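Hi,

Here is the structure I promised to pass on. Have a look, and my notes follow below.

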Amino acid sequence: MSNQPANFDATPNVGWLYNKHYFEGISAGADADNKKLVADNTAALLKQVLPVTAELPFPATPSPPLFAITLKTTYPGLVTGIGVKHETGKAEGELKLGCAFDHTTGLPYIAGSGVKGKLRSFFAHPAYLLDVVNAELRPVLSLTRDLKNEDIASLEQAIFDGKAATGNRLNPYRCDTFHDAFAVQTDLPNQRFLTDDSITHHRHPLKSPIPVQFLVVGPGVSFRFLFRLFDTPLAEDMVFSAEAKYQLFAYLLREHGVGAKTRVGYGQFA
């Protein structure tokens, strides 16, 4: 390939720019021209603005059974899609690790399956959920009584497996659905929404560490989470409403975040 900079005005689809145009002109090696091209392409990518689409992949004003919550990333930002390969392995200073962009709009997004998996992980800790529902959220949930361990098990079965408390399959049109969460707004200057960071791992205790630079959705970027939720009967004296599920999901996402590397501060929301 020739050492010519990528055309970052070719399309407003940032996912296409990152996964395709970013590598244009980059060749193998660590010569001065190649290092400058990598640096220039990285700088051009980080200047991209949040894509504006005429028709976002969700309704502007959802109403039940659709529930939406908008949460804003905090420092250091959001890491999502890092399992997707993104590197030549030979260009010094290149951005490594993948980043999740919607194929059509170019918007950064969090897969609905990832949101669903994150929320289900809390059901492995029923004592924690009971504390959240019966204490933290009790004033806003309008429950007729406190939840019990068996209620948490039934709720998990209904939400994530589509089964009623009796064990029968729920009507597929009455099953809860977790939609992809999309970036919809940014507070960063000039509508920018991307930044970079690095992991400095040590391959050997007596050798210098090798920093790995990767792409991050920066702090101050708002994501819209969308759910299709229905009331769930748990017992004769208890119905866990769609609104209660929405309040529970919103609390868990605010408190614990979603995405990769949450244990070191990424993927947290306000």
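Tyr-128 is partly exposed because its relative accessibility is 28% (buried means under 20% relative accessible area, exposed over 50%, partly exposed in between; 1.4 Å probe, protein chains only). Phe-122, at 8%, counts as buried.

Before going on: this is a predicted model, where local features need pLDDT of at least 70 and side-chain atom pairs count only at pLDDT 80 or more, while totals for chains, interfaces and linings use all residues. Residues are numbered from 1 along each chain as its sequence is written, and side-chain values use heavy atoms, leaving out hydrogens and water.

On to the rings. Phe, Tyr and Trp (its six-membered ring) pair if their centres lie within 6.5 Å; planes under 30 degrees apart are stacked, over 60 edge-to-face, the rest tilted. That gives 14 aromatic pairs. Phe-122 and Tyr-128 form a tilted one, because their planes sit at 35°, with centres 6.3 Å apart. Phe-225 and Phe-269 are edge-to-face, since their planes are at 85° and their centres 5.6 Å apart. Phe-225 is in strand E7 and Phe-269 in the segment after H7, so this pair ties together parts 44 residues apart in sequence (helices, H or I, at least four residues, and strands, E, at least two, are DSSP runs numbered from the N terminus). Phe-225 is buried at 1%, and Phe-269 is buried at 6%.

There's a ring cluster too: Phe-123, Phe-160, Phe-178, Phe-227 and Phe-249.

Finally, the buried residues of helix H3 (112-121) are Gly-112, Val-115 and Leu-119.

Cheers
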